[in-house]
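User: I have a model open and would like to go through a few parts of it. Can we start with how two of the helices pack?
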Amino acid sequence: MRIKVILGLCLFSIIILLLYPCIGTSQKNNNIFNTKTNPPYLEITDVWVDSVFSKMTPDERLGQLFMVAAYSNHGNAHVEELSHIIKEYKIGGLIFLQGNPVNQAKLTNYYQSESKIPLFIAMDAEWGPAMQLDSLTKFPYHMALGAIQDDSMLYEFGCEVARQLKLLGVHINFAPVLDINNNPLNPVISVRSFGEDKIQVARKGYAYMSGLQDNNIIAVGKHFPGHGDTDKDSHKALPVISHSWERLDTLELYPFKELIKRGIGGIMLGHLYIPALDTTQNTPSSLSRSVVSDLLKDELGFDGLTFTDAMTMDGIAKYYNPGEAETNALRAGNDIIVMPSDIQKTFKKIKEAINKGEISQNEIDRHCKKILNAKYWAGLNKYKPVDTKNIKKDINTPLSEVLNRKLIESSFTLIKNDSNIVPFDNLEKVKIAVVNINNGEPDIFTETLNLYGRQDRFSLPRNISDNRFIAIKNTLAGYDLVIISIYSQKRASYGDFDIPMNVFSFIDSLAYHTKIVLCVFANPYCLRFLQNITNIPVILMAYEDTELHRNLAAQLLYGGIAVNGKCPVTICKQIPKCAGISVAQPVRLKYSIPEELGINSEDLTAIDSIVIDAINEKAMPGCQILVAGNGTVFYYKSFGYHTYNKTVPVKNTDMYDLASVTKIVATMPALMRLYEEKKFDLNAKITKYMPELENFNKKELKIKDILTHQAQLTPWIPFWIKTVSDSSIYNTIYSKTLSEKYSIKVAENLYIIKEYKDSIYARIVESNLLKKKEYKYSDIGFYWFQKIIENITGECLEKYVSENFYKPLGMISLGYKPLERFGKSSIVPTEDDKKFRMQLLQGYVHDPGAAMLGGVAGHAGVFANANDIAKIMQMYLQNGEYGGKRYFQKKKIAGV
């Protein structure tokens with residue numbers, strides 16, 4: 001017998017490990033659990049088990065030891081064959097592989113109805129049922145989970161996977177993977193492992209296991225005694241692991257030993273040839289009595305269910321005829337044979353071995369009783385068919401998506417962040433390009449980036465030539481930041497990860513000319529192909545490529561979400577294990593779903609109904625609605641069309657005339673800035689800034705009264721009425737063409753004489769005051785505020801607010817005179833003006849007074865989409881801070 005290494009661990013050490021999850025594995029006290037707990041089903045003594053067992057024939061008891069492959073997408077012939085096997089051989093269980101959830105649920109019910117004793121249903125659901133089934137929420141791979149610093153999230157993950165499996169009628173999950181991925185070239189484990197640190201693999205595996213088993217799903221750790229350090233895929237060949245017993249005992253076996261202590265329900269044996277454990281040539285560990293019985297059961301004390309890996313894998317099938325390997329697996333001490341290569345020949349071979357005394361009936365009975373105990377614990381003593389109605393919806397709940405978002409966000413790893421480039425700041429100064437080396441079409445990553453700021457997009461096909469790379473490199477060298485993403489769906493760590501090699505060469509070369517922000521939506525080991533990592537200032541590791549990963553990664557770059565992940569593997573010399581820089585707090589709006597804020601999405605359908613009713617009643621042709629709370633946008637939709645003609649649908653990026661919202665997104669921030677700079681006094685009289693009012697009825701008006709709409713000013717003045725005649729608008733005041741005299745553009749092909757601006761201000765000065773001082777909304781004072789701002793700053797209002805607020809806040813759409821920045825198709829028409837301008841107003845301010853001033857005024861003129869309005873409003877809510885930049889000081893205004 002080998003000497004067991006017994007290592008103690010005090011409570012203080014547990015706390016240290018929790019606080020410092022990347023603690024080194026060289027410490028002497030590595031055990032993370034103190035007490036030994038048996039699998040939960042071993043203590044069961046219910047009469048159901050004895051009653052069922054006593055009525056079974058020897059063949060039926062043998063049948064319980066087999067788990068056969070089932071597919072929900074293989075057609076009727078497969079269903080009939082499986083039904084025959086269930087009835088003929090009384091097998092104990094099925095392992096469901098590829099298919100879809102609805103079919104699997106229905107087939108589960110059918111197969112259970114065909115079986116005398118309820119079947120164990122198992123799945124390889126390492127990252128949830130979506131590993132096998134389409135249309136379900138796909139959770140992150142184990143390696144991404146290994147980057148998460150809060151192990152309680154993996155427990156939540158285990159609970160959610162268990163919930164989904166139970167809805168499908170599944171009782172066993174062949175997870176977690178407990179292999180330590182200490183070989184970067186491993187072709188089969190790689191991202192399926194929690195990482196290369198044995199303690200972390202054990203901790204993450206335990207959290208996942210606990211979530212499963214606390215919800216009555218049997219967790220099966222795999223692939224004993226450790227598949228992490230192989231360069232062959234046991235699906236295709238028999239891997240050889242040549243390490244010494246000492247190395248295996250202290251490293252590969254460590255996670256298995258720790259989870260055995262904590263009561264893991266099952267262990268799957270890998271098809272691995274390990275001479276240090278069994279020197280019999282080409283004998284896989286799954287068929288070795290030295291490994292299964294002597295090591296796993298006797299020495300490590302595992303009393304739970306042992307499962308072989310699939311017996312159809314070439315790592316075993318190449319060396320044995322059908323039935324031989326399965327017989328040897330039972331001789332070795334396995335409880336359940338998974339996916340026997342030929343059930344008929346296997347049954348025959350095993351019965352021959354029993355008749356010869358090579359396998360005893362007592363052994364078969366012990367295996368069978370243990371399986372029945374586990375079935376009782378899993379609830380099969382009170383079997384109920386799966387409720388197939390709405391099963392897809394029941395699995396894909398919004399709360400499941402919330403968890404998935406949390407897991408992905410927490411796994412993101414900022415491997416490099418030189419000069420704290422992330423989150424991006426100084427948006428008004430930084431010129432950003434985003435390079436999409438994919439299929440050339442817009443994707444969610446670029447679309448999400450555009451929610452935060454402006455970047456020029458370059459689309460390149462995956463098969464781009466070296467010459468094209470050289471040409472575009474020269475263009476990109478002119479940018480301050482270049483965001484480049486690497487995409488790959490390939491999990492295995494060999495070959496080129498389906499990423500063209502010239503992509504890596506292009507990145508290496510470009511890194512000498514500009515700052516690259518590299519986002520890796522792929523296996524982390526692909527970074528080994530880069531030769532110039534030192535010169536790449538930002539590397540964000542997302543670990544895999546899904547739409548949600550792309551969306552959240554884009555948010556991270558701009559500070560919409562925090563980042564705390566630590567890389568669970570050593571990628572190269574420059575990127576060691578535990579590399580990862582934290583950005584603890586988000587600094588900009590986040591975009592998520594209502595449930596993240598505890599809001600039921602279905603409750604928000606009332607908004608849709610109200611809007612649709614309004615459109616149907618022709619109260620409006622369309623609109624945008626954005627709702628945010630606690631810094632998170634959780635509802636952002638566009639409805640209807642630009643006009644009642646219903647030709648152009650409203651998009652989230654389309655801009656609307658903000659009308660009087662201009663007051664709070666242009667005039668107000670400008671005045672607040674000037675106030676803080678002590679250039680503007682809220683308690684002063686208007687004449688301090690406009691001495692020309694000294695001899696008029698408005699000389700006593702106070703600034704704060706004008707701002708609060710209680711200065712007795714008339715609500716508005718229709719300046720345009722006196723400029724038009726019944727016959728035509730084109731008179732001495734207006735012209736169809738631009739000239740030095742007619743230099744102010746009012747609308748398309750309509751210009752007003754430049755002197756008329758003075759006439760507008762004169763009419764304001766001469767206007768009467770209301771008799772009573774009370775709240776009365778008025779535009780009039782904001783005409784003056786425009787002049788005051790421009791006089792103090794020496795800049796036009798349009799430029800001042802753009803440079804000081806709109807550009808730094810990343811508000812791409814927000815601003816005056818949108819046609820100077822955007823095409824007409826992205827601007828929603830405001831009115832078909834039949835009285836003044838005699839045209840459809842699209843891109844020109846609706847307010848006549850603002851239009852007659854050239855589209856820029858203190859009371860109207862700004863255009864924007866809902867998203868950009870949300871940014872400035874969030875800045876106000878955050879006491880003048882947004883994007884890591886303070887626009888106003890948090891303080892009480894004296895005298896107001």
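Analyst: This is a predicted model. In it, Lys 198, Ile 199, Val 201, Ala 202, Gly 205, Tyr 206 and Met 209 of helix H8 are in contact with Tyr 254, Pro 255, Glu 258 and Leu 259 of helix H10.

User: What classes of residue make up the contact of H8 with H10?
Analyst: The contact has eight nonpolar residues, one polar and two charged.

User: And at what angle do the axes of H8 and H10 cross?
Analyst: Roughly 35 degrees, and the axes come within 8 Å. H8 covers residues 198–213 and H10 covers residues 254–261. Their crossing is right-handed.

User: Switching to strands. Is S2 buried or exposed on its two faces?
Analyst: S2, residues 93–96, is covered on both faces. Gly 93 and Ile 95 are buried on one side, and Leu 94 and Phe 96 are buried on the other.

User: How many bridges pair S1 with S2, and in which sense?
Analyst: Four bridges, in the parallel sense; S1 is residues 66–70. One of the pairs to look at is Met 67, whose bridge partner in S2 is Gly 93.

User: Which helix belongs to the β-α-β unit with S1 and S2?
Analyst: Helix H4, residues 75–89, and the unit is right-handed.

User: What does S2 pair with besides that, say S3?
Analyst: S2 and S3 run parallel and are joined by four bridges, with S3 at residues 120–123. Phe 96, one of the buried residues in S2, stands opposite Met 123 in S3. From S2 the chain passes through helix H5, residues 101–114, to reach S3, in a right-handed β-α-β crossover.

User: Further along, which residues of H13 are buried?
Analyst: In H13, residues 324–332, the buried ones are Ala 325, Glu 326, Thr 327, Ala 329, Leu 330 and Ala 332.

User: What follows H13?
Analyst: Gly 333, with a positive phi near 115 degrees.

Technical notes
Residues numbered from 1 in each chain as written. Predicted model: local features only at pLDDT ≥ 70, side-chain atom pairs only at ≥ 80, totals over all residues. Heavy atoms only, no water. Buried < 20%, exposed > 50% of the residue type's maximum accessible area, 1.4 Å probe, protein only. Pairing = 2+ DSSP bridges. Right-handed = clockwise from strand over helix to strand, strands pointing away. Axes fitted to C-alpha atoms, helices over the stretch in contact; angles between N-to-C directions. Left-handed = near helix turned anticlockwise from the far one by under 90°. Contact = heavy atoms within 4.5 Å. Nonpolar A, V, L, I, M, F, W, Y, C, P; charged D, E, K, R; others polar.
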